[in-house]
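Had a look at the charged pairs in this one, as you asked.

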Amino acid sequence: MVRAWIADVTPLYDHRCYRKYYDRLPDFRKKKADALRSVEMKAQSVGVWALWERIRAAYGLPADAVFNLSHSGTYVMCAAELDGSHKRVGCDLEKIGELREKVAARFFCREEYEAILREGSEKAKTELFYRYWVLKESFMKATGKGMALPADAFCIRMGDPPVLVRQPEEFPEQYHYAEYQIEGLPYRMAVCSTDREIDVRLHTELEL
């Protein structure tokens, strides 16, 4: 079973709150946060690790549990494999902004790009672009290659849930998707895993 959580990190914009969570970080995460310049990026870095530590404690997960992290805007996301089967897990969270059609044309596969173009309105095109964005990044992260894997090396077809219709030969496993959106929040989220069982509910009860 794979489950996903999000948390709002705006409380960490306050220095006292930030220090409270920062002081609990392992040294390598402190170095990562220290290298960041903006208050927002520091809050994301500290907050996403704090979320993971809360999940580990709440579910009694071992140190080698499979998990993945993402952040964008004022939210952070964590997806974790809960039953110790060590399946691949990737997640992505992205705040919806402007339509980046040139990015889709250059980096998405042809079928995905053409699907975006067929949408009737600019809003619909933008919404579909960001759906593809998080679905593609979650797969890239699940493989462990991240951005080193070309985004056009695989192709996603929208459905309920979306499916991979083409994937790299080096990753022949069957991958599964879950998408998430919260009404009123301008974000798209997705989880990709070789675990067939992905919780379709997005959990928020572990907010910072």
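The points below go through some salt bridges, starting with an arginine in a strand.

1. Keep in mind that this is a predicted model. By the salt-bridge rule used here, the count comes to 12.

2. Start with Arg188, which is found in strand β8 (residues 187–193). Its relative accessible area is 8%, so Arg188 is buried, the cut-off being under 20%. Not counting residues up to four places away in sequence, Arg188 touches a list of residues including Asp92, Tyr130, Val134 and Tyr180.

3. What does the Arg188 side chain pair with? There is a salt bridge to Glu127 at 2.6 Å, N to O. That pair links distant parts of the chain, with Glu127 in helix α6 (residues 122–142) and Arg188 61 residues apart from it. Glu127 is partly exposed, at 25% relative accessible area.

4. Arg188 also has a side-chain polar contact of 3.4 Å with Glu179. Look at these together with Arg131: Glu127, Arg131, Glu179 and Arg188 are linked in a network of salt bridges.

5. Next, Arg3 and Asp199, a salt bridge with the closest N and O atoms 2.9 Å apart. Here strand β1 (residues 2–8) is linked to strand β9 (residues 198–203), the two residues being 196 apart. Arg3 counts as buried at 18%, and Asp199 is buried as well, at 14%.

6. Glu114 is partly exposed at 33%, while Arg110 is exposed at 56%.

Technical notes
Residues numbered from 1 in each chain as written. Predicted model: local features only at pLDDT ≥ 70, side-chain atom pairs only at ≥ 80, totals over all residues. Heavy atoms only, no water. Helix = DSSP H or I, 4+ residues; strand = E, 2+ residues; numbered from the N terminus. Buried < 20%, exposed > 50% of the residue type's maximum accessible area, 1.4 Å probe, protein only. Polar contact = N/O pair within 3.5 Å; in protein donor to acceptor, adjacent residues only side chain to side chain. Contact = heavy atoms within 4.5 Å. Salt bridge = Lys/Arg side-chain N within 4 Å of Asp/Glu carboxyl O.
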